[in-house]
Amino acid sequence: MTHWGFVAAAYGVTLTAAAVLALASWRAMVTAERAVEDLRR
Amino acid sequence: MLHALANPTRFLKIARPLTPILLWLGVALFAVGAWGGLMRTPPDYLQGETVRIMYIHVPTAWLGMGGWSGIAISSIVFLVWRHPLASVAARAIAVPGAVFAALCLVTGSIWGRPTWGTWWQWDGRLTSMLLLFFVYLAYIALARADHDRGGDGRIPAIFGIAGTVLLPIIRYSVTWWNTLHQGQSIGLTGSTIDSAILWPLFWTLAGASLFFAGVVLMRMRALVAAQRVEARLRRLAV
């Protein structure tokens with residue numbers, strides 16, 4: 001693997017993990033806040 | 001200010017508009033830093049292009065350790081003032097902190113292979129960071145078990161404070177032990193890294209920190225909402 005291959009692997013892993021973390025957190029937040037609204041109605 | 005924010009309704013009033021601002025500003029600042037680090041800086045005379053891994057490795061290490069500091073501070077606030085939001089904050093920090101600690105280990109390993117000739121070395125810095133990752137996992141399991149059994153959150157809070165013993169060990173491991181990992185290169189008084197290479201790091205550090213804060217706010221909002229649902233269901237059951 002070339003030097004740029006190692007750089008691409010490091011950035012790829014980090015950006016993918018950050019995106020998955022943000023999406024999972026957003027989904028948990030939206031689901032929980034929607035449940036509060038549903039119970040209020 | 002701390003006492004004012006401890007009110008969940010007041011917290012939500014501030015957190016709702018703040019969440020997207022932190023997330024998107026974090027993404028924007030990180031993008032500027034990554035662009036600078038990948039396109040606008042010269043390769044290192046020894047490491048070549050692999051030095052560009054620094055712009056993501058250092059922020060992940062910073063937030064892996066910073067996350068645990070946040071857990072410890074929230075735990076102290078919870079134990080001293082019994083603010084339930086402090087316990088929520090500690091639980092909300094745990095998963096992103098564990099993810100960033102893991103990313104620190106993975107990006108460090110990818111950086112180590114072409115630089116040191118090995119993916120892993122059982123030296124002070126790497127081993128203590130791996131221990132922090134395991135301590136995060138233990139905290140997540142403990143906090144979940146405590147919540148499921150109706151605990152008052154004191155045991156995870158004590159664990160959160162006890163875990164801080166690892167932070168100075170990680171910080172000074174490169175000084176105390178002979179290690180493959182480089183010594184401290186950025187301090188309060190300056191840096192041994194040339195400014196031509198260093199500047200994008202501040203952008204990625206700021207961007208990753210704001211992104212981390214945005215994720216923590218989303219997780220806190222989810223936990224507060226879950227508590228409200230539980231409380232309402234309990235009232236309906238009576």
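**Notes on the predicted model**

1. For chain A, the unreviewed UniProt entry lists residues 6-24 as "transmembrane region". The model is a predicted one, and in it this span of chain A is 100% helix and 0% strand, with its end C-alpha atoms 27 Å apart. The record and the computed geometry are given here side by side, and the annotation itself remains that of the unreviewed entry.

2. The secondary structure of chain A as a whole comes to one helix and zero strands, and its C-alpha atoms fill a box of roughly 60 × 10 × 5 Å along the principal axes. Of the 41 residues in chain A, 34% are buried, while the chain exposes about 2500 Å², of which carbon and sulfur atoms supply 68%.

3. Within chain A, Ser25(A) belongs to helix α1, which covers residues 3-40. Ser25(A) counts as buried because its relative accessibility is 1%, under the 20% limit for that class. A polar atom of the Ser25(A) side chain lies 2.7 Å from the backbone oxygen of Leu21(A). As a general point, residues three or four places apart in an α-helix point the same way, because the helix has 3.6 residues a turn.

4. For chain B, the unreviewed UniProt entry places "domain: Cytochrome c assembly protein" at residues 25-181. In the model that span is 78% helix and 0% strand, and its end C-alpha atoms lie 32 Å apart. The unreviewed entry also lists "transmembrane region" for residues 21-41, 61-81, 93-112, 124-143, 155-177 and 197-218 of chain B. Among these, residues 93-112 are 100% helix and 0% strand with end C-alpha atoms 28 Å apart, and residues 124-143 likewise come out as 100% helix and 0% strand, with end C-alpha atoms 28 Å apart.

5. Helix α5 of chain B, residues 124-148, has 25 residues and reaches 36 Å from its first C-alpha to its last, close to the 36 Å expected at 1.5 Å a residue. After α5(B) comes Gly150(B), whose phi is positive, near 75°.

6. A polar atom of the Thr204(B) side chain lies 3.1 Å from the backbone oxygen of Leu201(B).

7. A nonpolar patch on the surface is formed by Val32(B), Trp35(B), Met39(B), Trp199(B), Phe202(B) and Trp203(B), which together have about 630 Å² of accessible area. Helices α2 (8-40) and α8 (195-237) of chain B each supply at least two residues of this patch. Met39(B), one of the patch residues, is placed in helix α2 of chain B, and it is classed as exposed because its relative accessible area is 61%, over the 50% limit for that class.

8. Arg16(B), in helix α2 of chain B, is partly exposed at 45% relative accessibility. Arg16(B) and Met218(B) are 202 residues apart in sequence, while their C-alpha atoms are 8.8 Å apart in space.

9. Arg82(B) has a phi near 60°, a positive value in a residue other than glycine. Most residues other than glycine have a negative phi. Arg82(B) is placed in the loop between α3 (54-81) and α4 (84-116) of chain B, and it counts as partly exposed because its relative accessible area is 39%.

Definitions and conventions:
Residues numbered from 1 in each chain as written. Chains lettered and ligands numbered in written order. Predicted model: local features only at pLDDT ≥ 70, side-chain atom pairs only at ≥ 80, totals over all residues. Heavy atoms only, no water. Patch = residues over 30% accessible without salt bridge, like charges linked within 9 Å, V, L, I, M, F, W, Y side chains within 5 Å. Areas by Shrake-Rupley, 256 points an atom, 1.4 Å probe, with all protein chains shown as cover. Salt bridge = Lys/Arg side-chain N within 4 Å of Asp/Glu carboxyl O. Helix = DSSP H or I, 4+ residues; strand = E, 2+ residues; numbered from the N terminus. Buried < 20%, exposed > 50% of the residue type's maximum accessible area, 1.4 Å probe, protein only. UniProt positions renumbered as here; feature names shortened; annotations may be inferred. Polar contact = N/O pair within 3.5 Å; in protein donor to acceptor, adjacent residues only side chain to side chain. Expected span 1.5 Å × (residues − 1).
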